[in-house]
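Have the sequence and the 3D view open as you read.

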Amino acid sequence: MPLTFAPYFEKYQALLGEVDAVFAKVKAACPEAVTCGLGCSDCCHALFDVSLVEALYLNVVFNERFPKGPEREKILDLADRADRAHYKLKRKAFKAGEKGVSTEQILADLARERIRCPLLGDDDRCVLYDCRPVTCRLYGVPLEIGGKAHTCGKSGFVPGGAYPTVKVEMLQDRLFALSGELAAGIGSSYPLLADMLVPVSMALLTEYTPEYLGVPGEDDPASETPGVVDEASAAPVFARVENDCGSCGEAPGSAACASCGGSTSWVLGGPDDSRAKPDTSGKGD
């Protein structure tokens, strides 16, 4: 019986819809700062990995739209080159860690590296744009990662300014939770499958067979019962300041709390101070 990912892809597509709505909200609030547009492919050279559900989704869509032919082979060739470059950079980062280089410095060094995405066409447009991962959809608006604010260098967001900011960890939690539900639903025997992170290049190159995913054969069928979604999968994606949210008087998770829409803003730090600072003045709301 062939594997089906349809129920999990449906939930993933709903999440993508939420992400697009968040991007649109930030763009509407800061139209002069969000400079994304046709012809800009800065985000298509950034280094990042995708979760299991994202990797499978990209792989399935790619195979559907590019079943055979020179265009498929060209993309796979580009993916192979990109994957080799990713491996070299990760190996370099690993060796730096062994030498005692701080994680913060390693991440900063990696952030400056650029590898062209194999899905970026000759016209600098994504060939699977409508199915692009979450990271691609949020590039260009302020992101809060590990307590620090980050944004695209080509955007108009100014260090020291207070802007609506997306809390990336909440999205990552939801992606991991959905990946866990998928792994459980297909009956994978690999306990760490849902924790898998791979670059887009590897997602395209991999043949996700039942054996690869650790799914038992017909003599030992996988359970058809979907896994349970973790509570983190329902978390909002805008950044929140815990103390400030608690002072509003609304119960966390209530309808009133959800209707806030993520109005909390964070101050973008300068070159010497990139740590996000909560804006409690109300001017950023």
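Contact here means heavy atoms within 4.5 Å. Leaving aside neighbours within four places in sequence, asparagine 59 is in contact with Ala203, Leu204, Thr206 and Tyr208. A quick word on the ground rules: this is a predicted model, where local features need pLDDT of at least 70 and side-chain atom pairs count only at pLDDT 80 or more, while totals for chains, interfaces and linings use all residues. Residues are numbered from 1 along each chain as its sequence is written, and side-chain values use heavy atoms, with hydrogens and water left out.

Back to asparagine 59, which sits in helix H2 (residues 52–65). Helices (H or I, at least four residues) are DSSP runs, numbered from the N terminus. Is asparagine 59 buried or exposed? With 6% relative accessibility, asparagine 59 counts as buried; the classes are buried for under 20% relative accessible area, exposed for over 50%, and partly exposed in between (1.4 Å probe, protein chains only). The side chain of asparagine 59 also makes a polar contact of 3.0 Å with that of asparagine 63. For a polar contact, a pair of N or O atoms must lie within 3.5 Å; within protein, one must be able to donate a hydrogen and the other to accept it, and residues adjacent in sequence count only if both atoms are side-chain atoms.

Now for the charged pairs. A salt bridge is a side-chain nitrogen of Lys or Arg within 4 Å of a carboxyl oxygen of Asp or Glu, and searching the whole structure turns up 13 of them.

| Pair | Closest N to O |
|---|---|
| Glutamate 18 and arginine 174 | 2.9 Å |
| Arginine 81 and aspartate 77 | 2.8 Å |

Glutamate 18 is partly exposed at 37% relative accessibility, whereas arginine 174 is buried at 11%.

Helix H3 (residues 70–98) holds both arginine 81 and aspartate 77, four residues apart, about one turn of the helix. Arginine 84 and aspartate 80 are also both in helix H3, again four residues apart. Arginine 81 is exposed at 53% and arginine 84 is exposed at 54%.

How values were computed
Helices (H or I, at least four residues) and strands (E, at least two) are DSSP runs, numbered from the N terminus.
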